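Hello,

Here is the structure we talked about handing over. Please open it first, then read the notes below it.

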Amino acid sequence: MSENKEPGMAYSMPKLHKVMAILSFIFFVTTVWMFLDDYIKPWKAIQIEALQIKRQHTEDALKAARKDIDAKKLAELNSSLAKGEEIVISRKKDIEKTEKELKVVQTKMKAQTIENGVFNGDVSAVNFQYETAVANHDHKLIEKKLEELTKLKAGFDIGKDNLKALQAQEKEISAKLLELYKEVVTSQKEIKDITMKVTLLEAAKATTDFNPIFALRNMPFLDYLDPTIKIQQLVINNVTDDRYFRQVPKVDRCTTCHTFIDQPGYEKEKQPFRTHPKLDLMVGLESKHPMKVTGCTACHGGEGQRVTDFASVAHTPDSPKQEQEWVKKYGWKAPHHIASPMFSRSQTEAGCVKCHSGVELIPGATVLNEGRMAIEKNGCYACHKIEGWGENKRKPGPSLLKIAGKVDKEWFKSWVWEPKSFNKHAKMPAFFRQSNNSKPEFVRLNVTEVNAIAEYVWDKSKPYAATETFRPGNAENGKKIISEVGCLGCHGVDGLEDQSNKVKAYAGPWLSGLGSKVQPDWLVTWLKKPNHYQEDTIMPSLRLTDGEANDIATYLLSLRNKSFEDLKFAKFDLKARDELLTDYLSAFDTQASAAAKVAKMNDREKTLDLGKRSIGKYGCFSCHNIEGFDGFAPIGPELTKEGSKPLTQFFFGIQHQVPHARDGWITAHLQNPRMWDIGIDKVFRDLNRMPNFYMNEAEAKKITVALLGQTSDVVPLAGRKRYSAGEALYNDAMKVAGKYNCMGCHQIDGLRGDILRSYADDINQGPPRLVGQGHRVQTDWLYHFLQSPTPIRPWLSIRMPTFNLSTEEKNKIVAGFQQGSKQPTFEEPQQVVQWEPGEREGAVKLWNAYNCVSCHSIGFTKDTPLAPDLHKAAKRLRPSWIKLWITNPQNILPGTTMPSFFGDDGKTPIEPGVFGGDAEKQINALTKYVLEFGL
Amino acid sequence: MLREFVNTLSDPIISFPAITIAFYLMLKHYKIVGTKKFAYWTTAILIPVTVWFLADPNFFSIIKTPDNIPIIILLVLVGFFTWFWLYKAAENDTRIEAGLGPIEATPEEREKVWTWPNLVYTELFAMIACTAFLVVWAIIFKAPLEESANPTWAPNPAKAPWYFLGLQEMLVYFDPWMAGVVLPGLIVGGLIAVPYIDTNPKGNGYYTFKERKMAITAFLYGWLVLWVYLIIVGVFLRGPNWTFYGPFEFWDFHKVVASFNVNLSEIIWIKMLGVGLPKNLVLREIFGIILSLAYIIVIPPWFAKATKAGRKLFLSLGATRYHIFMFLVLMMTSLPIKMILRWLFSLKYIVALPEWELNL
C-alpha cells in the first residue's frame, strides 16, 4: 500500500489510528444518541408543562389566600406577640432555671429507660431458661433460675416505678415552662391559624420549583433513584386484562399525561391537563368510581399500559374532524394490532355495561340508555339474543294467532311487502324491495313467499268474534279523548302529530290509516278489552265507556290510506312456489328427487309448507306469535359479545366507504343491512335477510354504543356492580315497568316519563312523577291500585289504565318499589291516632292557617279539587312519607303545586304562632290530623 | 399493466423456473457476469427499476415493515458477494487457463504480516462499526409491538422469523414432518458432511469456478435458489392465509386462490384405472412407494453406470462418498421436483400415508 509501510505490516499504522479515531467518534455519537433517545419521551414534556400549570394555579390560589388574610388583625397579633416576647424576656431567669431542671429530669429518664431495657431483656431470657428447666424437670436448675428471675423481676418493677415518677416530674416542669411562655405561645398560635393556608400553598409552590435539586433528580443516569418526572400508574385489582389463560390486574398509566384528571380546578385547561368532566360520578375521590378503584381503561378501553406516544394507546377520535386535528397535532394513526381500541368520546358509556350487567337502564348513562330504548323500540332483541338485559322480553310485534279476525288478507300481503308504504311510522322493518333482492327474478320469488306466508298465517288463524259492535260516533270528540286520556304515552297518532312528536312514544304502533286496515267491530272490542283479542298484550284497558270507545274508533277509522287500499297484491305464482320448495328440499337431496317429492304433495300442503319455511326463513315468528313455531330459536346471531367480535369476522363486502372498525360496521349495518350484498353474486337463498329499519344515523349510533358495550371482558366479581337483594328486586320491578311501558307516562325516579314532554307548560297536569314511590304509598294500596286503579286526582284528564298484570308482576312492582326506596313492607299499623294534650287543637289551627282545603277540597268544600282527596290518604300514604312531603314537597317533586310551609330547610314554619314555631311538632300534628280522616 | 405483468411473473410457477434458468445462465456465462462492466450495467438498470418498485404503495408498505429490513440488506449483500465471487473466479480462471496461476498465488500476495495489528486491530474496527450500526438501526426502527399473544387467535399471515421463511415456504409442498424435520435435518447433516465428501484439493485459498464446477453449482443452487429465493417468496410474496400476492398486489384478506390437490394414489387408482382405492394401505400407495424408492435407490447406480459424468464422479469419490453425495443431491432436488409436480398435476402427496404419519 503506501510507502511508509513497515515490514510485516499490511497497513500503515497512522492510517489505522485515524480509522480508529473516526470509528470511536461515531461510536461515541451513537451511544449519546441512544441515551438521549431513551431519555427524551413525549410524556416528560407533558409532565413539565403540567408542573408549570400547577405552579400557575398555586400562585393564583396563593394570591387569593393572601388577599383573604385580614391585615389589620395580623398586625394586631404581631404587636401582641412582640409585647408577649417582652414579658417573657423579663422572666428570663426563671425560664433558664426551669429549662435546666427539665434537662436534668430528661437525662435521668433516658438513663432509666436504658436500665429498664436491660432488665426487660434479662427477665425474658432468664424466664426462658427457667421454663426450659421446668420442662426438663431439672430441679436444681429450677431453683437457681427461679431465684435469679425473682431478683430480676423485682429490679424491673422498681425501674418501671422510677420511670413513672420521672415522667410525672417532667410533665409538671413542662407545664411550668409553658406557663412562663404563655403570652408568646398564644399569639403564635393565632397567627398560625390565619396564615396556615398561605404557608401550605407556599410549600406546594415550592414543589414546582425548577431548582438544582429538580435537575439532579431528573438527570439522565441518576433518574432511576428518585425522579419527580416519572410514569404514574394505577393498578386496578378488581378489573383485569385478559392475557389468555390468565387474568392480570389492569395497569393504567393514563395519569402520566392526564395529570390533573382527578383534581378539581383544572376544568378549563387544554387536554391532557383537563379535569374529568364528571368528577362527581367518575374518578373523583368521593364519587362512586374513584380513580384508584376503577382506573381509566376499565371504562374507556384502550391500552392503559402504553405511554410511548399518543397513538400507541389507541385513542379513538370522535369525528373525522377530530381525526384530522389529531393527525396534525399528535401524528395520530389508526390503531393496529389492538383488539379493543378506546371508545370514542361519544361512545364511552359502552364501558358501563361490562360491570353493570342485568339492569335495564343505567342511571347517568344517557346515550347507552337511549340506545337500549331504541333496541327495545325496534325489537332487535327478538331475533338477536342479548344476554344480561335483553332476554325474557315480550315479542315486539302483535300476535298473529287470530289475525284473520282483525285485518284483510290482501291488506296483510301489501303490508308485509312494504310496511312503510302504508304507514311511514311503521316499526315493522322492510324485508322486500331492498338493494339485494330487487332483481326481477328475486322479486318474483319474494312475491311468492309473501303469498305463501299469508296463506299459512290465515290457515292457522283461529276464529275470532268481536264482542262489541261499532256504532259511529263523534270523531272530533274521539280525537280529543285520544289526546287526553293517555293513548299518546304509547302511540303516536295521525292528526295529533305535534303532541306525538313531542312524546316520541314507541311501545305501541303509530296509529295511521286504521280505516283501511282493521274491521270496525274489532277496533271497538280491542279498545274496550284488549286482552280479548290477544291474551298477552301489553295494551291496557283505559276503562272507556261505550261512547268513548266508539268516538275513538270513529276517529281512528276516519284515518285512511286510499292509495294503499287500491293496491292489489300479485297473484300466487304456483310455479315459483314449486321452484322454491324444490330448492328447499334439495338441500340434502338431488334436484330431481326434490322435484319428485314436491310433485307428490297436494296443493295445500305445498302452499303451507312454503309458508312455514318462509316464516322460518325471515324469522317472522321471532316478533309475532304464529302457530307452529313453539320452541323455534330466534334467527339472528347472538349479540351478547358483539363488542369483542374480532374485526376480521365482520363482512364488509366491497363497501369501502364504511370505516373499517366495529362501530363503523354496526352503524352502517343498522342503516342499511343489505348493503353488504351489493356487488356480490349470490343465489336467492343466500341473500342477507336482516330487514331494513330505515334507521337514521343518530339512532344507529346510539344502538352502536349499546352493542359495543356487549364485550366478552371478564370482570372479577369484586369489580362488578353487585346488586343487593333489594336492588335486584328494584331491577325486577323496573323490568316489569319497562315491559308495560309505565315510563311512557310516569317518570320513575328520574327516568323517562315520555308523555310529560307534552305537558311542558304545566307538569302537574301530566301523570304523577313517581319518586320514591315505595316510600310514598302503602303496600296493600299499591297492589290493589295496580289491579283496579281508582282516580286519585280527579282533575286530571289522563287516566291510569288497567293493565293486564299477573300477580307475580304486581308483586314485583310492589316489592321492588319498596326496596328501591329502602322501605319495609309495612309501617307501624296505625288504628287510632294518639294525640298529645293540646296537639289536636294546634293541628286544627294549622289546618286552617295553611288553608289545606283550598286545594284538597274533596269532602270539605264544593270547590273543584286541585289536590288529592285527603280522606284516602291514611289508607294510601305512609305516615313517614306524609311528614317528609309536608316538610318540603319541592324536594320530592320539583314544580309541584303543593306549597312549602316550612321554608327550604323544613325548619322555619310560616306560622310561628303554633307550638312555639316548632316545625317538627307542627308537621307531626298535621300528619296525625290527615291520618285521622281516613282511619 | 406492466405491474400486472410483474405480478404474474412473480408467481412461483413462473418465477421458480425463471430463476433456475437465470441461475444456469449465470454459471454458464460466468465470465461475462463476472466483469465490472456487467456489474455497472446491472446496477444502472436496477436502480430505476427499484425506484419504480418503491413508488408502488403496496410494495412500499411491505418493504418498510421493520421486520423486512434485514432481508433487504441480505438481498443486496447476497447479490454483491455472488457477483464479487464470480468476478474473482473469472479473473483467476482466465489466468489459470493462460498458465499464470491464481492471483492469490503471486509472490506479493503470499507475503506474511503480523496478526497484531493487521488482524486484531481491524477486527476491533469491525466490531465497533457493527455495534454503532446496530444501535442506530435499533433507534430508527423500533421493535414492532403487536397485540398480546393469543394462542387461540393466531395472526394472519403467521410468519416464521425471516431466516426460516424458506423452510416455511417448503410447507406449501411438503408434509410438516418432511419440511419441518427431515429436510432441515438433512441440510444441517449435509453441510457437516461436505468436507468429508469433497475430495477435490483444488480451489484452496483462491477463487475459482472452473476447478470446482460441480461442488459450487450444487451448493449455490441450494443456497441461492432453494434458500434465498424461497425466503424472498416467503417474505414479500406470501400474504394472509399464505396466499401468493404479487409485489404490487394489495394484501386483501379475502383473496381466494383455487387449489384442490390430489394424492398420487387417487390419480392412479381412481382417475386412471377407474377403480376404488384398495383397502390395504401399502397396496393403495404402492405406486408412490415404488417411485420414491426408485428415485432414491435406482438413480445413483444407474447414474454411475450409464453416464460418463456419473462414472467419473463414482471413480473420483469412491462408492461410499458417491452414494452419500447422491443421496443428499437427490433430497435437495426433491424440492423442485415436488414443486413442479404440484403445479403441473395439483399433486398433493406422492405417498400419502397419514395413518402412519408418513406423507411424501
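**What was found**

Among contacts in chain B between residues at least 6 apart in sequence, 66% join residues at least 24 apart. One thing to keep in mind throughout: this is a predicted model.

**Chain B**

Chain B holds 16 helices and two strands. Its C-alpha atoms fill a box of roughly 75 × 55 × 40 Å along the principal axes. The chain has 360 residues, and 18% of them are buried.

One helix deserves a look. H10 of chain B covers residues 176–197. Where does helix H10 of chain B bend? The bend is at B:Leu191 and comes to about 30 degrees. A proline, B:Pro195, follows within four residues of that point.

The buried residues of H10(B) are B:Met178, B:Ala179, B:Leu183 and B:Gly190. Which helices do these buried residues pack against? They pack against two helices of chain B: H9 (165–170) and H16 (319–345).

**Chain A**

Chain A has 35 helices and four strands. Along the principal axes, the C-alpha trace of chain A spans about 125 × 120 × 80 Å.

Of the 935 residues in chain A, 31% count as buried. Take the contacts in chain A between residues at least 6 apart in sequence: 68% of them join residues at least 24 apart.

**A hairpin in chain A**

Strand E1 of chain A runs over residues 234–242, and strand E2 of chain A over residues 247–252. The two are antiparallel, and six bridges join them. One pairing to check on screen: A:Val235 has A:Val251 in E2(A) as its bridge partner.

Four residues lie between the strands of this hairpin. Which residue of the hairpin takes a positive phi? A:Tyr244 does, with a value near 60 degrees.

**Where the chains meet**

How many residues of chain A are in contact with chain B? The count is 22 residues of chain A, against 20 residues of chain B. On the side of chain A that touches chain B, 15 residues are nonpolar, five are polar and two are charged.

For a quick tour, start with the bend at B:Leu191. Then go to the hairpin of E1(A) and E2(A). Finish with the contacts between chain A and chain B.

Best regards

Conventions
Residues numbered from 1 in each chain as written. Chains lettered and ligands numbered in written order. Predicted model: local features only at pLDDT ≥ 70, side-chain atom pairs only at ≥ 80, totals over all residues. Buried ≥ 20, exposed ≤ 12 C-beta atoms within 10 Å, placed from the backbone. Contact = placed C-beta atoms within 7 Å. Nonpolar A, V, L, I, M, F, W, Y, C, P; charged D, E, K, R; others polar. Bend = angle between axes of the 7 residues up to and from the residue. Pairing = 2+ DSSP bridges.
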